[in-house]
Amino acid sequence: MVKIALVSCGTEYSGIQKEIEKAANKFGAEIILPEIDLDYIDEAYEKFGFSAQSSSLKLMIARAMAIVEGKSKPDAVFIATCFRCAEAALVRNEVRRFIQNNTRIPVVTYSFTERTKADELFIRMEALATTVTRRSILAREKQEGLTLGLDSGSTTTKAVLMENNQVIGTGWTSTKDIIESAQTAAAEAFSQTDYGWDDVDGIGTTGYGRFTMGQEFKAELIQEELSVNAKGAVYLADCQKGEATVLDIGGMDNKVITVNNGIPDNFTMGGICAGASGRFLDMTSRRLDVDITELGPLAVQGDWRKAMLNSYCIVFGIQDLVTTLAAGGSKADVAAAACHSVSEQVYEQQLQEIDIREPLIQVGGTSLISGLVEAVSETLGGIEVIVPEYSQHIGAVGAALLVSGMGYRQDDK
Amino acid sequence: MVKVAIYPPNSLILADLIERKGHTPLVLQKQIRQKIKDPEIDSPPMNITEEDPIKGLKYAAIEVPSGVRGRMSIIGPLIDDAEAAIIVDGAPFGFGCIGCARTNELSIFLLRNRDIPVLELNYPTNQDETYVMVNEINEFIDSLEETGEE
Amino acid sequence: MSENLCPKVNMGNEDWDPDVITRMIILGPGARVSESEIVGEFHMLGLPLTIKNTCYGSMISGKKDDVLKAIEEIRKLDPPHIFTKERGFAPGDPRRCRGHRFGPREGFHQMEKEYTILGYVAEALENPKEVTVEEKKPVKVDDFKEIMNDYIEKNNL
């Protein structure tokens with residue numbers, strides 16, 4: 001059984017201990033607390049060198065030290081502290097780095113509130129358990145043979161066909177029936193090549209519809225999107241070593257994943273505000289009567305400061321933009337203001353929860369809107385933002401990459 | 001009999017010295033017992049649920065981390081009940097309820113603002129300082145009796 | 001699936017009774033009675049208590065009035081060296097028992113630390129005396145200057 005060490009502060013008093021355990025158990029893992037004695041706590045704390053006032057954070061540091069020094073031998077580590085606690089956030093990140101720099105044990109971090117439920121922790125625990133049991137798969141850095149990656153998202157379904165470390169076909173369709181949409185997207189990808197379903201070595205599936213597709217197409221790999229997207233992004237951006245952040249501003253929800261050597265270690269997902277989503281830009285382009293593909297270049301030419309925008313809200317914000325246009329404002333400035341607004345709202349809602357590491361790899365359909373990419377970089381103080389080729393097909397690329405070496409369909413023939 | 005709040009609220013020495021003089025130390029463990037002996041709640045180990053950090057809003061605003069509010073929901077009622085308080089600075093802290101520095105700062109502040117007799121001491125580092133601590137605590141408790149009798 | 005953090009609680013009726021309390025009895029260094037004598041004495045009292053021998057002394061559990069009465073009696077054996085502390089969880093409660101939980105109990109480390117001055121506390125209780133401790137103050141600026149200049153001179157800096 002996969003043993004996950006809990007290195008945390010405040011979980012019991014926020015009433016979420018049971019939720020953590022429930023999430024771990026669901027993925028065949030058990031939670032353990034690294035056992036240490038009092039002298040060791042003081043010794044480890046001194047050695048680590050972070051002067052924390054809270055004794056529970058000292059205990060956290062000592063537990064991390066016990067893992068690094070091999071006194072406790074878990075397969076994975078879950079680091080969690082209270083949301084909005086500055087002292088704990090500092091310790092959480094330093095402890096995370098300490099374990100990652102000194103061991104090969106996978107780590108996932110989280111900042112919780114009393115409302116944190118097991119469902120939110122599932123994907124993290126699944127990613128942790130996967131990293132342990134499938135380390136060899138995640139270590140893959142090159143695609144081989146002919147593989148098909150299918151990503152069934154809540155709005156769109158993507159397919160990518162890869163051969164010898166190259167993307168040779170892509171497909172994209174809006175998600176209706178999971179299987180039919182996957183077939184449509186795959187057919188589009190195949191049509192760009194001379195291959196068909198019978199030629200592939202293996203199929204990998206990811207996204208919300210991964211189990212349904214996996215069963216239908218007898219996929220060799222069915223994998224949650226956290227590991228797949230992270231892997232796909234660092235592969236395409238050529239950042240497989242070291243740290244990176246993957247940002248996907250989606251049509252309905254957003255994902256931010258932090259990655260260390262190609263393995264995800266923290267993740268936030270938002271989906272409560274349309275003003276922080278691609279939908280805001282979709283509505284703006286309709287109001288401006290331009291195609292969504294033209295919005296980015298238009299925004300790059302404009303200056304967001306010249307368009308009045310008093311609200312991030314998809315209702316009131318869009319209304320402000322319309323008012324600006326009516327008062328004779330330029331379309332470019334309005335487009336820039338819309339991109340700026342989405343980027344700021346993503347920052348407010350999500351990016352603050354996570355430690356952003358450079359480079360930031362922006363993926364998903366909205367990464368093709370150049371004005372938004374520019375706005376994200378500006379919002380984050382001018383950090384390096386990479387938009388790799390095929391960034392809109394990230395999950396499918398990740399799935400095609402990871403499944404390579406796992407499928408032997410052609411051997412049977 | 002005077003109800004004396006102590007800080008750290010789970011200190012063996014403080015609780016014992018107060019009880020020796022026939023007063024009631026307000027200790028954390030009693031609060032914990034109330035929680036864990038409620039068979040209606042199934043949230044081991046402490047039986048703290050999402051509701052407790054919300055109860056903690058009485059003591060700290062919503063922007064304060066859930067761990068602080070959850071702890072305050074346990075420690076807060078002790079502060080409310082206190083008729084006197086002994087606060088020891090620099091005492092060794094355990095790692096549970098009192099493992100959070102922010103909770104401790106808030107609790108001590110609330111005790112100081114209760115308009116009750118408060119004794120503040122430093123945790124001893126040697127024998128002489130221990131004598132001073134024991135003497136001061138005994139004198140403080142005796143003075144409570146005098147005020148009580150008036 | 002194993003539940004290490006949140007074990008299932010399977011306790012007797014008595015343990016769920018809010019009127020049933022648990023006390024730890026801790027013997028300070030230099031105590032004139034032993035752990036086993038304490039346990040023996042508890043048994044002799046004939047009160048309806050659950051008595052357990054532990055590494056630091058003993059643990060008793062029972063109705064509040066009985067527990068407090070027992071403690072009053074037991075203290076008489078060696079007043080300055082017998083200390084007592086409340087415990088929230090009943091003895092052997094899986095939610096707090098080290099055996100079930102892999103990690104140590106949160107409060108245990110603090111008790112270990114407090115134990116280190118328990119001998120002094122016992123001494124102060126047994127032989128009360130007035131003691132004054134000089135409060136440490138930062139060194140005076142002039143003294144500090146003198147020491148510094150002295151050091152510079154001696155080391156030819």
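**Close-up views of a predicted model**

**View 1. Confidence along chain A.** In this predicted model, confidence in chain A is lowest in strand β12 (residues 263–270), at a mean of 82. It is highest in helix α7 (residues 178–191) of chain A, at 97. Chain A averages a pLDDT of 91. Of its residues, 99% score at least 70.

**View 2. Helices α2 and α3 of chain A cross.** The axes of α2 (residues 38–48) and α3 (residues 55–68) of chain A come within 8 Å. They cross at roughly 85°, so α2(A) is roughly perpendicular to α3(A). From α2(A), the contact includes A:Tyr40, A:Ile41 and A:Phe48. Among the residues they meet in α3(A) are A:Leu59, A:Ile61 and A:Met65. By class, the contact has 10 nonpolar, no polar and two charged residues.

**View 3. Two cis peptide bonds.** Most peptide bonds are trans. The bond from A:Glu358 to A:Pro359 is cis, with omega near -5°. A:Pro359 sits in the loop between α13 (331–349) and β13 (360–363) of chain A. B:Tyr7 and B:Pro8 are also joined by a cis bond, with omega about 5°. B:Pro8 belongs to the loop between β1 (3–7) and α1 (12–20) of chain B.

View 4. Most residues other than glycine have a negative phi. Phi of A:Asn261 is near 50°. This residue lies in the loop between β11 (254–260) and β12 of chain A. Phi of A:Tyr390 is near 65°. A:Tyr390 lies in the loop between β14 (385–386) and α15 (394–403) of chain A.

**View 5. Chain C meets chain B.** The contact takes 33 residues from chain C and 31 residues from chain B. On the chain C side, β1 (20–27), β4 (82–87), α5 (108–115) and α6 (118–126) each supply at least two residues. That side has 18 nonpolar, five polar and 10 charged residues.

Technical notes:
Residues are numbered from 1 along each chain as its sequence is written. Chains are lettered from A and ligands numbered from 1 in the order in which they are written. This is a predicted model: local features need pLDDT of at least 70, side-chain atom pairs count only at pLDDT 80 or more; totals for chains, interfaces and linings use all residues. Two residues are in contact if their C-beta atoms, placed from the backbone, lie within 7 Å. Helices (H or I, at least four residues) and strands (E, at least two) are DSSP runs, numbered from the N terminus. Ala, Val, Leu, Ile, Met, Phe, Trp, Tyr, Cys and Pro count as nonpolar, Asp, Glu, Lys and Arg as charged, and the others, Gly among them, as polar. pLDDT is the predictor's confidence in each residue, from 0 to 100. Axes are lines fitted to C-alpha atoms, for helices over the stretch in contact, and angles run from 0 to 180 degrees between N-to-C directions. Angles under 35 degrees count as roughly parallel, over 145 as roughly antiparallel, 65 to 115 as roughly perpendicular and the rest as oblique.
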